[in-house]
Amino acid sequence: MSNVDKCPYPSVIERYFRRGFKLDMKGPEENFCILKHSNRVCLLTLAPSHPIVKNTKTVKNVDFQVSSKMNRLDNKVSGKSKKGGQWLNPTSALCCVTCDDGSNYTMYSCIRGKLAEVNEKLLKTPNLLKEKYDKDGYIAIILPKIYETDEQMKSLLTEEQYNEAIVSRGLRTAEDMPVEQKGGTEKQLNEALGNRTLSVENTTVEQSGDTDHVNT
């Protein structure tokens, strides 16, 4: 029995979030996880099989300047509908990551939606991306259109499908990860998101067309 199975109460992720996984996004094992909240707000994180987590790499730098004309830190949103957020396609780059072994990775949105925010904690403490990848080390919060959310989640692997795929490749599943790298408790996730937990629960997603969105 895994450490997760021994826990008498479900984690906040198990209670309020649905996991979806994207494998080999732009390269081998560049695997990501989408945590969809019950109100359709999505958190983008690394999957436990991403090389940064799997190989316990040390992250030296996270750069949100993804092109000469696009810095994700310039993203500005306002109101409950998060007007003005940069529009993301599944292949939109969110940040570039450099590890101490010289390897570089680009973090991609994996789904369509508005960028609500990027995780600025990664600027000062980049290694959170590895150490607490699905808590303090989340990459970004994305707001899909309401009518597209379910369809986009269906395009991702379920947790069961993900684990089957990972086992077939001889990699570690989420259940095999060290306990400190598993999904966080409610207290841990709330601390990671701070007041954002409340703002997520009160967020509504505007169902307008793409005319006011920035395509990247």
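1. Basis. This is a predicted model, in which local features need pLDDT of at least 70 and side-chain atom pairs count only at pLDDT 80 or more, while totals for chains, interfaces and linings use all residues. Residues are numbered from 1 along each chain as its sequence is written, and side-chain values use heavy atoms, with hydrogens and water left out.

2. Confidence. The average pLDDT (the predictor's confidence in each residue, from 0 to 100) is 80 for the protein, and 71% of the residues score at least 70. In residues 1-8 the pLDDT is below 50, and this stretch makes six contacts (heavy atoms within 4.5 Å) beyond near neighbours in sequence. Residues 192-216 also have a pLDDT below 50, with 55 contacts counted in that way. Where pLDDT is low, the predicted coordinates should not be read in detail.

3. Largest core. A nonpolar core is a set of buried Ala, Val, Leu, Ile, Met, Phe, Trp, Tyr and Cys residues joined through side-chain atoms within 4.5 Å. Buried means under 20% relative accessible area, exposed over 50%, and partly exposed in between (1.4 Å probe, protein chains only). The largest core has 33 residues, and L46, I52, V97, M107 and I139 touch the most other members. Strand β8 (residues 93-99) gives the largest share, five residues; strands (E, at least two residues) and helices (H or I, at least four) are DSSP runs, numbered from the N terminus.

4. Leaving aside residues up to four places away in sequence, L46 touches N31, F32, C33, I52, V53, M107, L129, Y133 and I139. Another core, of 16 residues, lies apart from the largest one and includes F17, C33, L43 and I141.

5. Aromatic pair. Rings of Phe, Tyr and Trp (its six-membered ring) pair if their centres lie within 6.5 Å; planes under 30 degrees apart count as stacked, over 60 as edge-to-face and the rest as tilted. There is one such pair: F21 and Y162 are stacked, 3.9 Å centre to centre, with 10° between the planes. F21 lies in strand β1 (residues 17-22) and Y162 in helix α7 (residues 159-168), 141 residues apart. F21 is buried at 3% relative accessibility, and Y162 is buried at 0%.

6. Cysteines. A disulfide is a pair of cysteine sulfur atoms within 2.5 Å, and the count is zero. C96 is partly exposed, at 27% relative accessibility, whereas C99 is buried at 1%.
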